[in-house]
Amino acid sequence: MLSSEHAGATETIEAAPAKINLALHVTGQRADGYHLLESLVTFTEVGDVIRIRDAAEDSFRICGPFSELLQQGNESGNLVLKARDLLRTALPQYAGPVAIQLEKNLPVASGIGGGSADAAATLRALRRHWDLKPDDGTLQRIALSLGADVPMCLASRPLIASGIGETLTVLADMPVMALVLVNPLKGVSTPDVFRRLVSKQNPSLKPRGHSSWMDFIAQNRNDLEPPARAILAEITEVSDLLTGTGAQLVRMSGSGATCFGIYPAM
């Protein structure tokens, strides 16, 4: 969340932190096919980075250790560009051409919200770069139109998300946790995971009450983990490796295949 002077132009820099589903309950499915979820979410210090500068015409560049897979796909379909275009349509009087760079540090299709975090970071960065003052409702509507995970990534704070991801309850008292993330560098298809769910009508998150945060997290679950494990055996291998390192709790994030271990605070 920085602005810097570089080569005579102002550069707006925005972090796109990874989204970790500490717990994810699938509680139903709407008639339009969207799944109803309750998810306990936090965000990491590491993630992708969005950089924006004024330019004579729009441009988009992807760099970073996980850029190659995105460069092989349809670049015009990237959520970063969709976020730019939707914000420009909503507030056209402010939106001059920009050069956008996405530094892709997070694995693609890994259950940690990489694409959603990139889109949300683009909205935040362009709001600052263009000095926009949209009401929160405008940004939220744009975010939700980009995907169910984008509103929570727009907040980028510990929270509980419910509905299809549009109802957010910020958790101001969640402590900083020491997490190790491991991804086997193999993707899992989210639609395939949902198709393999035994039940789409599962219990809601248990209330925290007087439980510690660790107990609260442990009392809940990720309903997508069993079907994801059935699709990709490496999820079980990664989980076992984390368990062997003495993690207090090991779980898969989102629809996989990234797994996390929570460790005692240092």
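Modeller: Let's take Ser 39, which counts as buried because its relative accessibility is 3%; buried means under 20% relative accessible area, exposed over 50% and partly exposed in between, with a 1.4 Å probe and protein chains only. Bear in mind that this is a predicted model, where local features need pLDDT of at least 70 and side-chain atom pairs count only at pLDDT 80 or more, while totals for chains, interfaces and linings use all residues. Residues are numbered from 1 along each chain as its sequence is written, and side-chain values use heavy atoms, with hydrogens and water left out.

Ser 39 sits in strand 3, residues 35-54. Helices (H or I, at least four residues) and strands (E, at least two) are DSSP runs, numbered from the N terminus. The side chain of Ser 39 makes a polar contact of 2.6 Å with the side chain of Asn 21, and one of its polar atoms is 3.1 Å from the backbone oxygen of Ala 23. A polar contact is a pair of N or O atoms within 3.5 Å; within protein, one must be able to donate a hydrogen and the other to accept it, and residues adjacent in sequence count only if both atoms are side-chain atoms. Skip the neighbours within four places in sequence, and the contacts of Ser 39 (heavy atoms within 4.5 Å) include Leu 24, Leu 159, Ile 160, Ala 161 and Leu 205.

Leu 159, Ile 160 and Ala 161 from that list take us to strand 6, residues 159-163, which pairs antiparallel with strand 7 (residues 167-170) over four bridges; pairing needs at least two DSSP bridges between the strands. Ser 162 faces Thr 167 of strand 7. Three residues separate the two strands of this hairpin, where Gly 165 has a positive phi near 120°.

Now for the charges. The whole structure holds 16 salt bridges, each a side-chain nitrogen of Lys or Arg within 4 Å of a carboxyl oxygen of Asp or Glu. In one of them, Lys 19 pairs with Asp 149 at 3.6 Å between the closest N and O atoms. Lys 19 belongs to strand 2 (residues 9-29) and Asp 149 to the loop between helix 4 (136-146) and helix 5 (150-155), so this pair ties together parts 130 residues apart in sequence. Lys 19 is buried at 2% relative accessibility, whereas Asp 149, at 26%, is partly exposed.

Glu 103 is in strand 5 (residues 98-103), so here the parts tied together are 52 residues apart in sequence. Arg 51 is partly exposed at 23% relative accessibility. For a local example, Arg 229 and Glu 225 form a salt bridge at 2.8 Å; they are four residues apart in helix 8 (residues 225-231), about one helical turn. Arg 229 is partly exposed at 29%, while Glu 225 is buried at 10%. There is also a salt-bridge network linking Asp 58, Arg 84, Asp 85 and Arg 88.

Elsewhere, an open, antiparallel sheet of three strands runs in the order 8-10-9. Strand 8 (178-182) and strand 9 (249-252) are its edges, each pairing on one side only. Strand 8 pairs with strand 10 (residues 259-263) over five bridges, and Val 180 stands across from Gly 261 of strand 10.
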